[in-house]
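Please find below a briefing on a structure, arranged by topic. The sequence and the coordinates are shown first.

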Amino acid sequence: MADKTYKCLNPVGIQQPVELFPLAPRLDKNKLAGKTIYISVGAGGEQGLMIPLPKRLKELYPDINWKLTHAAPHRTIAGSIALSEDEMKDADALIRGVVW
Amino acid sequence: MPTLIKYEKSGIPSVFIIFPDQQECWKEAAKLNGLPTVRYVTESRTIPGHIDVERVIPELMDALTRPLTPEEQKRSVIQPTDTERILFEGTLEDAQEFYEQTDIIPTLQNAPFARYTDGLPVRVPTLERVKEMLKGTSHKPDEMVVFHEDHDVGDRSVQMGNSGKKGDPITFLPMKRTATVEQIATIAVMAGCRPEMFPIVLAIAESGGGCGDGRGGGGYCVSGPIGRQIGMNYDVNLLGPGNPANKSLGRAGELMWRNLGGEIPSVNNCGVFGTGLTNVFPENSEALPPGWEGLNEECGFKKSESVLVRIGMGMSGMESASWMPGQYREFQKSGHSGIARRLGVKGKPGPHNFLDFIRGFWVDGEGGFTFLMLPELANHLYQYGFKTKDAVYEYIYKRSFIPLKEYRLHSIPDVWTNAWKGIEPTSGKHWLELPEDYMVPACPDPWANMIIVMGAGEEQLHWMRGSMRDAYSIDDWK
């Protein structure tokens, strides 16, 4: 006699489809002069890199308008915001470090 | 991640700095948020920043200027897989093997990782067993698991997709999945729970399902009469093995983490050591000193109502009082032992405030604590003069004040204060304007602490950093 068969249920949660978007167009490397690029420093940490990074970028690319922003404290929604709504209006590009 | 992704979506070319070992997690999180090809550069974990910056800068500028590939310009949709209600059909023996299958995870040094379980065999969730489990609730099988009340789930959870608002579905992290009552019943069967435990399992699901912010871990305390009704262990060893309710309820949380949260460490979420299986344990409200509230009452419920309180992720980092039980007894009974000598009560019978003996609360760290406190110790505090829990919380808060000079030698405030750019809350002044001897609270407020009166046995005290103080109704899930 064949063993009894059972229907067994799925414990995996419901995943919604994810819509994938293209990246934003990149900057033209021959037309960087006058562009505004934000450097967003993640809350608190990684001073070792994030202190010398803006200084060296300004030395190496003096024609770019570098703007430095600091996120709010860690573990807050504000802490994960790299650019405010106003900053987004004049941002031509963004460097965010360190992400987490 | 969701807030970072919006810059690219709004047309601002971006590049993000992460660490080399986090690339897999980064890609998975980016995919989940709709931008799988978002560009990043890695920072060394070991090379000093002023040296590493020379390597990093060309990579950053390249990421901002290199023309997009066709892949980076694509629009498409990822459709979910594994969506069938019936996952397997066959004999129990074959089903057992099916649910216990593992996948080899390259980023876990090719270790196998369980696809549907916590790594241990489970009870196979047959249709019949799940139907039986569903008898433990009046809620319909196809009902979505939603918040029954408004909850403060924390900023981190909100930004990852959980609103905490009444009526909104629970988003299980990190994969942002949702679940029906039947899926929770499936997991309850797999964990070994019985139908009378099912309302607690549903409350665990409502609280986020053992997923936390995606990294999993933490624990749960049951407050209210249901614990006795389902046969939870209230005595010694309530965190140890042997009691079916304490054990299987904890396991249900972990199985939710795997199946609802979908976490695969090193693949879709970063982490370090991970946290092991934690029993769900009951508060012993019958043993509370007179005037002390149970957790249900502290969280706004009635004494007769059963609730589930999240304990947070500190369960893996519990600390213990450094005393031998006998020394503690002698300290309280007759004023003997080093505890009595330190507190200057040698020869004087108690009650004494044993919390004064513990120096280590804020030596390196800060914040409030969750105390796992035996009824005997709680009664010593009561007899000493703390007629309410709030009085103990207030005492702990006042004791936490330390000079700013000392506080600045801690580590985490560098981050919490955003490198001391913010405002110190008790003075309203900028951190850098305050004198070095200004006293700041290492514990942010009295109610950052939580005492759970529980357990039995030799005089010990456990505590962990942080407290959640957020209760989920179990009765609503009956």
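**Helix α7 of chain B and its surroundings**

The axes of α7(B) and α8(B) lie 10 Å apart, and the two helices pack at an angle of about 115 degrees. Axes here are lines fitted to C-alpha atoms, for helices over the stretch in contact, and angles run from 0 to 180 degrees between N-to-C directions. α7(B) is therefore roughly perpendicular to α8(B); angles under 35 degrees count as roughly parallel, over 145 as roughly antiparallel, 65 to 115 as roughly perpendicular and the rest as oblique.

This is a predicted model, in which local features need pLDDT of at least 70 and side-chain atom pairs count only at pLDDT 80 or more, while totals for chains, interfaces and linings use all residues. Residues are numbered from 1 along each chain as its sequence is written, chains are lettered from A and ligands numbered from 1 in the order in which they are written, and side-chain values use heavy atoms, with hydrogens and water left out.

**Packing of α7(B)**

- The crossing of α7(B) over α8(B) is right-handed; a crossing is left-handed if the near helix is turned anticlockwise from the far one by less than a right angle, and right-handed if clockwise.
- The contact (heavy atoms within 4.5 Å) is formed by B:Val181, B:Ile184, B:Ala185 and B:Ala188 of α7(B) with B:Phe198, B:Val201, B:Leu202 and B:Ala205 of α8(B).
- The residues of this contact comprise eight nonpolar, no polar and no charged; Ala, Val, Leu, Ile, Met, Phe, Trp, Tyr, Cys and Pro count as nonpolar, Asp, Glu, Lys and Arg as charged, and the others, Gly among them, as polar.
- Helix α7 of chain B spans residues 181-191 and is mostly covered, with eleven of its eleven residues buried; buried means under 20% relative accessible area, exposed over 50%, and partly exposed in between (1.4 Å probe, protein chains only).
- Helices (H or I, at least four residues) and strands (E, at least two) are DSSP runs, numbered from the N terminus.
- The buried residues of α7(B) pack against β1 (6-9) of chain A, and also against α4 (92-99), α5 (127-134), α8 (198-206) and α10 (244-259) of chain B.
- B:Gly192 follows α7(B) and has a positive phi, near 95 degrees.

**Chain A and a helix pair between the chains**

- Chain A contains three helices and five strands, in the order β-β-β-α-α-β-α-β from the N terminus on.
- Of the 100 residues of chain A, 48% count as buried.
- Helix α2 (residues 52-60) of chain A packs with helix α3 (residues 49-65) of chain B at an angle of about 55 degrees, their axes being 10 Å apart.
- That angle makes α2(A) oblique to α3(B), and the crossing is right-handed.
- On the α2(A) side, the residues that meet α3(B) include A:Leu53, A:Arg56 and A:Leu57, and those on the α3(B) side include B:Val53, B:Glu54 and B:Ile57.
- The residues of the contact of α2(A) with α3(B) divide into eight nonpolar, two polar and two charged.

**Cysteines**

- The count of disulfides over all chains is zero, a disulfide being a pair of cysteine sulfur atoms within 2.5 Å.
- A:Cys8 is in no disulfide, and the nearest cysteine sulfur, that of B:Cys193, is 18 Å away.
- A:Cys8 is buried, at a relative accessible area of 0%.
- B:Cys193 is likewise in no disulfide, with the nearest cysteine sulfur, that of B:Cys211, 15 Å away.
- B:Cys193 is buried, at a relative accessible area of 4%.

**Backbone features in loops of chain B**

- Most residues other than glycine have a negative phi, and most peptide bonds are trans.
- The peptide bond from B:Leu173 to B:Pro174 is cis, with omega near 10 degrees; B:Pro174 lies in the loop between α6 and α7 of chain B.
- The peptide bond from B:Gly350 to B:Pro351 is also cis, with omega near 10 degrees; B:Pro351 is in the loop between α13 (337-343) and β11 (369-373) of chain B.
- B:Ser266 has a positive phi, near 80 degrees, and is buried, with a relative accessible area of 18%.
- B:Arg469 has a positive phi, near 50 degrees, and is partly exposed, with a relative accessible area of 21%.
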